[in-house]
Amino acid sequence: MHLDGKHALVTGGGTGIGLAIAKALAAQGAQVTITGRREDRLRAAETDRIHGIVMDVSDETSVEDGVAAAVTARGPVQICVANAGIAEGRAIHKTDLEFWRQMMGINLDGCFLTIRACLASMRQTDWGRVIAVSSIAGLKGLKGAPAYSASKHGMIGLMRGLAADYAGKPYTFNALCPAYVDTDIVSSNVEKIMERTGMSEAEAQKVMVGVNPHGRLVTSEEVAEAALFLCGENSGSMNGQAIQIAGGEL
């Protein structure tokens with residue numbers, strides 16, 4: 001695979017899945033803009049092919065300005081990876097409107113705003129790939145996390161709608177749906193489960209690992225490999241798909 005001359009933008013690119021995808025794309029020759037709210041994380045991840053821009057995906061002006069700055073610096077975005085997100089479980093009777101809107105604002109609104117801004121320059125080119133990092137919860141729902149599940153279902157619906165809109169054009173729109181991935185989000189959720197239930201750390205981690213049929217956490221690099229495939233030479237017929245990286249979970 002050769003992505004020389006391609007400009008990729010990855011939200012939430014300073015850590016975890018986003019950083020793994022950014023590194024994988026850069027290794028194939030792409031110039032990669034990573035975005036996030038924490039400048040220290042972005043600066044730590046920068047290389048000669050990875051460049052950080054502070055951006056809040058839940059803020060329309062921040063997204064428009066951030067993507068515009070990236071396009072000015074490195075040309076049209078031809079690979080857009082909407083990865084930034086939050087994950088937290090909360091029963092529906094404990095879900096207030098503020099929590100609901102925060103979940104939708106970052107996961108779903110952030111995906112929409114990022115893709116809309118990137119498409120403005122992508123549509124001026126003859127090739128493009130849009131990838132949303134959803135979740136296995138976007139396909140089957142996650143017990144105890146209805147707001148999170150709804151936001152992730154929405155991301156898949158957005159990809160499928162865009163795939164229909166742009167059918168016949170040289171752009172594809174797909175979602176990646178990993179199960180529990182070994183990232184900081186999982187570590188944070190382990191602590192929350194411990195606080196909420198009184199479980200030990202090992203017991204709390206088993207709650208999440210046990211959901212993955214292969215008995216381990218998915219690695220960020222495994223998700224990145226799936227993203228690379230969607231940018232490959234023979235990926236043009238993969239469109240509107242929700243691809244599971246879930247160790248056999250069905």
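The structure is a predicted model, in which local features need pLDDT of at least 70 and side-chain atom pairs count only at pLDDT 80 or more, whereas totals for chains, interfaces and linings use all residues. Residues are numbered from 1 along each chain as its sequence is written, and side-chain values use heavy atoms, with hydrogens and water left out.

## The sheet

Helices (H or I, at least four residues) and strands (E, at least two) are taken as DSSP runs numbered from the N terminus, and two strands are said to pair if DSSP finds at least two bridges between them. On that basis, seven strands make up an open sheet with parallel pairing, in the order S3-S2-S1-S4-S5-S6-S7. Strand S3 (50-54) and S7 stand at the edges with a single partner strand each, so one side of each has no neighbour in the sheet. From one strand to the next the twist averages 20 degrees, where angles run from 0 to 180 degrees between the N-to-C directions of axes, which are lines fitted to C-alpha atoms (for helices, over the stretch in contact).

| Strand pair | Bridges and sense |
|---|---|
| S1 (residues 7-11) and S2 | five bridges, parallel |
| S4 (residues 79-82) and S5 | four bridges, parallel |
| S5 and S6 | six bridges, parallel |
| S6 and S7 | four bridges, parallel |

Individual partners can be located within these pairs: Ala8 has Val32 in S2 as its bridge partner, Cys80 stands opposite Val130 in S5, Arg129 stands opposite Thr172 in S6, and Cys177 has Gln244 in S7 as its bridge partner.

In strand S2 (residues 31-36), five of the six residues are buried, and in S6 eight of its eight residues are buried. In a regular strand the side chains alternate between the two faces of the sheet. In S6, Tyr171, Phe173, Ala175 and Cys177 point one way, while Thr172, Asn174, Leu176 and Pro178 point the other way, and all are buried.

## Helices H1 and H9

The axes of helix H1 (residues 16-27) and helix H9 (residues 220-230) come within 8 Å and cross at roughly 50 degrees. The two helices are therefore oblique to each other, a class that holds the angles left over once those under 35 degrees are counted as roughly parallel, those over 145 as roughly antiparallel and those from 65 to 115 as roughly perpendicular. H1 passes H9 in a right-handed crossing, that is, the near helix is turned clockwise from the far one by less than a right angle.

Contact means heavy atoms within 4.5 Å, and by this criterion Gly16, Ile17, Ala20, Ile21, Ala24 and Leu25 in H1 meet Ser220, Glu221, Val223, Ala224, Ala227 and Leu228 in H9. Within H9, the buried residues include Val223, Ala224, Ala227 and Leu228, and the elements that cover the buried residues of H9 include H1, strand S5 (128-133), strand S6 (171-178) and strand S7 (242-245).

## Helices H4 and H6

The axes of H4 and helix H6 (residues 146-165) come within 8 Å and cross at roughly 20 degrees. H4 and H6 are therefore roughly parallel to each other, and H4 passes H6 in a right-handed crossing. Among the residues that make this contact are Phe99, Trp100, Met103 and Met104 of H4 and Ala147, Tyr148 and Ala150 of H6.

## Two buried residues

Ala147 is found in helix H6 and, at 2% relative accessibility, counts as buried. Leaving aside neighbours within four places in sequence, Ala147 is in contact with Phe99, Trp100, Met103 and Met104. The C-alpha atoms of Ala147 and Arg90, 57 residues apart along the chain, are separated by 7.7 Å.

Thr114 is found in helix H4 (residues 97-122) and is buried, with a relative accessible area of 0%. Leaving aside neighbours within four places in sequence, Thr114 is in contact with Leu9, Thr11, Met55, Val57, Val63 and Cys80.

Conventions: Buried means under 20% relative accessible area, exposed over 50%, partly exposed in between (1.4 Å probe, protein chains only).
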